[in-house]
Every structure is written in structure tokens, then in C-alpha cells.
Amino acid sequence: MALDFSAVLTGLFGQMIVDGTLPSLVSQLVSIIKDSTLGYVINVPELTFAANQVNNQLLTKPFQVFAIVAMGYYLICFSLTWLANKLEERIARKRRNTDPQAEQVAQAMLLRRAES
């Protein structure tokens, strides 16, 4: 079974790139949402503006409205952190269970392709 060079690149290296970078990207997204000025400028004013609109309509329960907004913000950050941890666990489990013989075959295919 012969694979062309583009199939090897997308199949083998593409998966390695995704497995290596996806947890880091999700972790960086969580950091942007929680810690950075960009996350603060975009998320917090929008959430508080929506809470103020709801609060203006209810006029009696500002604590409950802002508590719901805070829980929503927490759930967003918590779920993204959980997703990053699960991705890291999945990729670590996959790396432990890799077949060394399959890696040797893939390297031999690349060398054969490079020689021709």
C-alpha cells in the first residue's frame, strides 16, 4: 500500500501537529478569557450590560441577576479548562499506546519518498 506524499503529510504529520498543539491552544484560550485585558474588554462589559438590561426590567433582584452572570462566566472558564485537561489526557493515553512498528513503517515510507 503506497501513500502519496500529501497523504502522509496530512495523515501522519497533521495528526501529530493537532495532538501537540490543541491542548496548548485551549489552555491559552482559557488564559485569554480569564486573565487578559482582551478577555476583560470583550466579555465582562457584554455580560454586565446584559445583566444591567435584565436588572432594569426586574428592578428588584440585582444580586440574583449578577450571580447568574458570574456563574455563567465561571462555567465557561471551567468547561474550557476541563476540555483542555481531557484533551491532554487523551493525547497522553494515545502516545502511550502507539505502536513503535507503525512509526518505523511511516519513517521508512518518508525516506523512500524522499529518495525518489
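From the N terminus on, the elements run α-α-α-α. The protein has four helices and zero strands. Helices (H or I, at least four residues) and strands (E, at least two) are DSSP runs, numbered from the N terminus. This is a predicted model, in which local features need pLDDT of at least 70, side-chain atom pairs count only at pLDDT 80 or more, and totals for chains, interfaces and linings use all residues. Residues are numbered from 1 along each chain as its sequence is written, and side-chain values use heavy atoms, with hydrogens and water left out.

Start with burial. Of the 116 residues in the protein, 16% are buried. Buried means under 20% relative accessible area, exposed means over 50%, and partly exposed lies in between (1.4 Å probe, protein chains only).

Now take two of the helices. Two packed helices are described by the angle between their axes and the distance between the axes. Helix α1 covers residues 5-35. It packs against α3 at an angle of about 160°, with the axes 9 Å apart. Therefore α1 is roughly antiparallel to α3. The axes are lines fitted to C-alpha atoms, for helices over the stretch in contact, and angles run from 0 to 180 degrees between N-to-C directions. Angles under 35 degrees count as roughly parallel, over 145 as roughly antiparallel, 65 to 115 as roughly perpendicular, and the rest as oblique. The crossing of α1 and α3 is left-handed: the near helix is turned anticlockwise from the far one by less than a right angle, whereas clockwise would be right-handed.

Two residues of α1 come next. Leu-29 lies in helix α1. Its C-alpha atom is 9.2 Å from that of Thr-81, 52 residues away along the chain. Leu-29 is partly exposed, at 40% relative accessibility. Ser-27 also sits in helix α1. Ser-27 and Asn-85 are 58 residues apart in sequence, yet 8.7 Å apart in space, C-alpha to C-alpha. Ser-27 counts as partly exposed because its relative accessibility is 28%.

Helix α3 spans residues 62-96 and holds Trp-82.

The whole structure has one salt bridge: a side-chain nitrogen of Lys or Arg within 4 Å of a carboxyl oxygen of Asp or Glu. Glu-89 and Lys-86 form it, at 3.6 Å, N to O. Both lie in helix α3, three residues apart, about one turn of the helix. Glu-89 is partly exposed at 42%, and Lys-86 is partly exposed at 38%.
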